[in-house]
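Welcome, and take a moment to turn the model around before reading on. We will walk through its sheets, then the helices beside them, and end with a single residue.

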Amino acid sequence: CPLPELAAMSGNIDVIVLGSSPTGLYAAREASQAGLKVAMLDMASGCALHSRHVSRGEIVGAGDLMGWLEAHSVIDTTLIIPTSDVWIEALMLTASDARFRAKVLPAYQGLAGVLLDKRRFHQLCGDHGMETPGVWMAQGSDELAALSLQIPYPCILKPALIHRARKFLRGKKVLLARSRAEFVQHVESMPDGPGGWLVQEVIPGPESEITLFGGYIARDGTPMQIFTGRKLRQYPAGFGSASLVTSVPCPETRETTLDFLGRIGFRGICGAEYKRDPRDGRLKIIEINPRPTLWFQATHEAGCRVLEAAWRDTAGLDPLPERPQLDCVRWRYLLKDLASAVFYLRESDFVFPEPEVLGMRAARLRSWPVFRADDPVPALAEPLVFLKKALGRRQ
């Protein structure tokens, strides 16, 4: 499928989406449906580049972003939305260039970098009294090896900057260590380069106990288009990205997140994740992504317009009406979710019990991260993207 034509540019671009994953596809669709003209850039061709909602698309290296913006005369009314951690880093670096003219959300002027770095994020949570899982920090393999006799098992190992260790992780988000022997094996296989690591205790209980927050915090601190839900399953199982999500009221998740974001001065789009610890009954924060995240299409189907709210706020327009979200919207990344469901059927001694899915209320509306009948080509392109990634991991 050919990418949208760039040569004959007519009219101004309203939004540039950085990243062509299903997250970028959500961003492009919501912006386009709001009447905005969308361009999309990425370092490799993802499914979203084939959407009819993308007016212009191009493959651009992260280090070439400033050159692309200058070459295409991007003006100061254009809002740039990154949809991955790699693109957040590239945007923050580019926005510091004196030649930069586009608009960015305030979080990308510094705070987003703190939230991306797992060590700095954990320190920030501690400074503001946020409940977190137990965490131990290490700068390299020697420090990690020294921790092996001190930490509880099972535990997980996270690179401080996950996107810099993707090649080593091979599709995983974390490394699970059920025992000291497994922990040492992980440490011995680590390459130099990704930087610091965190060791984090595993909060027991099914992954269906994970709650979600998504929304936009305006430049004046006003929360807009706030969504809450539950992550019912993940891929890879236990420690991956969402594969099954439902919209549901989570008042404690909402209020805890808004209070924290207010105290740290966050302004922008974010998605947050928590898990209830059955040992003490407390809600503990897992992460905050300072950008749209994979399941954000569920926010759209639930009636929230997070990206549109950001555009209107940065353009100085009146805010959108605030309406209650539609509950029982079921978002599913079908093939990945089927793989996770089969995993739980086959795995009898996993660190987590099978998620509680069957007891959830019937879906009032079903949402998919890629397929839409009125925009079908991304769903046709996605299997090729998967195949390319799989082949790349084998090399």
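Two strands are said to pair if DSSP finds at least two bridges between them. Keep that in mind while looking at this predicted model.

Four strands form an open, antiparallel sheet, and their order is β5-β8-β6-β7. Strands β5 (135–138) and β7 (175–177) are at the edges with a single partner strand each, so one side of each has no neighbour in the sheet. From one strand to the next, the twist averages 25°.

Two helices pack on this sheet. Helix α5, residues 118–127, touches β5, β6 and β8 (197–201), and its direction makes about 140° with that of β5. Helix α8, residues 180–189, touches β6, β7 and β8, with its direction at about 145° to that of β7.

There is a further sheet to visit. Here four strands pair in parallel, forming an open sheet in the order β3-β2-β1-β4. Its edges are β3 (56–59) and β4 (79–82); each has a single partner strand, so one side of each is left without a neighbour in the sheet. Neighbouring strands are turned by 20° against each other on average, direction ignored. Strand β2 (residues 38–42) pairs with β3 in the parallel sense over four bridges, and Ala39 stands opposite Arg56 in β3.

Helix α1 (residues 22–33) lies across β1 (15–18) and β2, running at about 165° to β2.

Which residues have the most contacts inside the largest nonpolar core? They are Ile16, Leu69 and Tyr216, in a core of 65 residues. Leaving aside residues up to four places away in sequence, Ile16 touches Ala39, Leu41, Trp68, Leu69, Val74, Thr78, Leu79, Ile80 and Ile81. Another core, of 21 residues, lies apart from the largest one and has Met130, Leu258, Leu261 and Ile288 among its members.

Next, find helix α12. The buried residues of α12 are Asp337, Ser340, Ala341 and Tyr344. Seen down the axis of the helix, these fall within an arc of 100°, so they line one face of α12. Their cover includes β10 (223–235), β11 (241–247) and β14 (329–332). The face turned away from the buried side carries the exposed residues Leu335, Leu345 and Arg346.

Our last stop is Glu354, found in the loop between α12 (334–346) and β15 (365–367). Glu354 has a relative accessible area of 46%, so it counts as partly exposed. Not counting residues up to four places away in sequence, Glu354 touches Pro206 and Tyr344; Tyr344 is one of the buried residues of α12. To get a sense of distance, look from Glu354 to Met92: 262 residues apart along the chain, the two have C-alpha atoms separated by 40 Å.

Methods
Residues are numbered from 1 along each chain as its sequence is written. This is a predicted model: local features need pLDDT of at least 70, side-chain atom pairs count only at pLDDT 80 or more; totals for chains, interfaces and linings use all residues. Side-chain values use heavy atoms; hydrogens and water are left out. Axes are lines fitted to C-alpha atoms, for helices over the stretch in contact, and angles run from 0 to 180 degrees between N-to-C directions. Contact means heavy atoms within 4.5 Å. Buried means under 20% relative accessible area, exposed over 50%, partly exposed in between (1.4 Å probe, protein chains only). The arc is that of the directions from the helix axis to the C-beta atoms. A nonpolar core is a set of buried Ala, Val, Leu, Ile, Met, Phe, Trp, Tyr and Cys residues joined through side-chain atoms within 4.5 Å.
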